[in-house]
Amino acid sequence: MHHLILDWFSRKGRVFPWRYDSPDPYHVLISEYMLQQTQTTRIAERYPIFLAKFPNILSLSKASNQEIILAWQGLGYNNRALRLRDCANAIVNMHEGKIPVDYHALLSLPGIGPYTASAIMSFAYGCDISVIDVNIRRIYARLNGYSHLDKMSIKSIESFAEQIYPKGKSSEWHQALMDIGAQFCKAHQALCALCPLQEHCASAFNVWIEKKKVKRNEPSHRNIPNRIWRGRIIEFLRNTNEYLSDSSDLLRGVLGVSIDDKDQTWFEETIVPALKKDRLIHYDSSTNVISISQ
Ligand code: SF4
């Protein structure tokens with residue numbers, strides 16, 4: 001199976017600007033941060049622009065809140081931008097600017113969890129380590145005949161993951177599985193006829209497809225989740241002249257309708273505190289001016 005998958009990856013693996021034969025660890029860190037909850041097509045567009053602005057860990061560590069929030073345009077979840085800068089800062093201060101080749105040291109950095117730590121070890125440094133994201137977990141469960149990924153315990157997945165990846169080829173193997181998960185072995189559709197794992201898979205052509213989960217009720221306003229409104233507010237500020245606005249103009253500009261007392265209360269009591277807590281805005285209550293955090 002190893003030869004089959006590695007050969008398939010060398011011929012059919014997806015091409016992204018952050019995939020190179022000898023990747024720079026800094027580039028891997030940036031791409032893995034961006035890949036948390038953002039689509040690859042959007043990242044492919046923004047990644048080169050971001051790297052041109054912050055070409056290395058030192059330049060990133062020195063970025064002000066405003067600089068990093070502006071550079072994060074189009075990537076969503078703006079507080080990730082600040083965590084990434086904080087992570088760069090910690091690397092400069094605690095590791096002399098070198099991204100550590102140590103799983104536990106990576107885990108102690110802001111915004112880095114078990115998946116990202118193992119991805120950096122594997123993709124940036126070529127270490128022998130298993131990498132498990134939700135797509136790989138689903139593939140491993142299905143390879144073992146568990147159509148529903150929750151039926152295979154995390155412990156069993158981890159033990160299977162450790163045994164199955166070809167030593168010395170962790171990076172190629174796991175990136176191949178990510179591509180297979182994105183293109184064939186999807187959560188709500190399994191294209192087994194096209195999948196290179198077909199002949200090794202206990203679930204091939206017999207996959208029980210999970211129904212789409214109904215999203216739990218997210219706090220919303222005017223039927224749109226508050227997190228989308230928060231993103232729109234930052235986007236609105238990014239597009240103003242000096243990245244600031246009178247709070248009423250901002251609210252009107254974002255809602256696009258005449259605003260009433262309910263909108264005002266929601267904005268002041270829910271949205272502004274959340275954006276301040278995330279360090280994304282500064283609110284001057286004496287002038288009612290809201291700006292992107294400096
Ligand atoms: S054969 Fe089907 S179920 Fe098995 S890994 Fe491929 S797409 Fe998934």
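1. What covers helix α9? The buried residues of α9 are covered by elements including α10 (154-164), α11 (170-183) and β1 (185-186). Here, contact means C-beta atoms, placed from the backbone, within 7 Å. Helices (H or I, at least four residues) and strands (E, at least two) are DSSP runs, numbered from the N terminus.

2. A word on the model: it is predicted, with local features needing pLDDT of at least 70 and side-chain atom pairs counting only at pLDDT 80 or more, while totals for chains, interfaces and linings use all residues. Residues are numbered from 1 along each chain as its sequence is written.

3. Eight of the 10 residues of α9 are buried (20 or more other C-beta atoms within 10 Å of the residue's own, all placed from the backbone). They are I136, R137, R138, I139, Y140, A141, R142 and L143. After α9 comes G145, with a positive phi near 90 degrees.

4. Of the 15 residues around the ligand, the nearest are C185, C192, C195, C201 and A204. A residue is near if its C-beta atom, placed from the backbone, lies within 6 Å.

5. Elsewhere, α2 (residues 25-35) and α3 (residues 40-53) pack at about 140 degrees, their axes 11 Å apart. Axes are lines fitted to C-alpha atoms over the stretch in contact, and angles run from 0 to 180 degrees between N-to-C directions. The contact is made by I30, S31, M34 and L35 of α2 with I43, Y47, F50 and L51 of α3.

Terms used: A residue is buried if 20 or more other C-beta atoms lie within 10 Å of its own, exposed if 12 or fewer, and partly exposed in between; C-beta atoms are placed from the backbone. Two residues are in contact if their C-beta atoms, placed from the backbone, lie within 7 Å.
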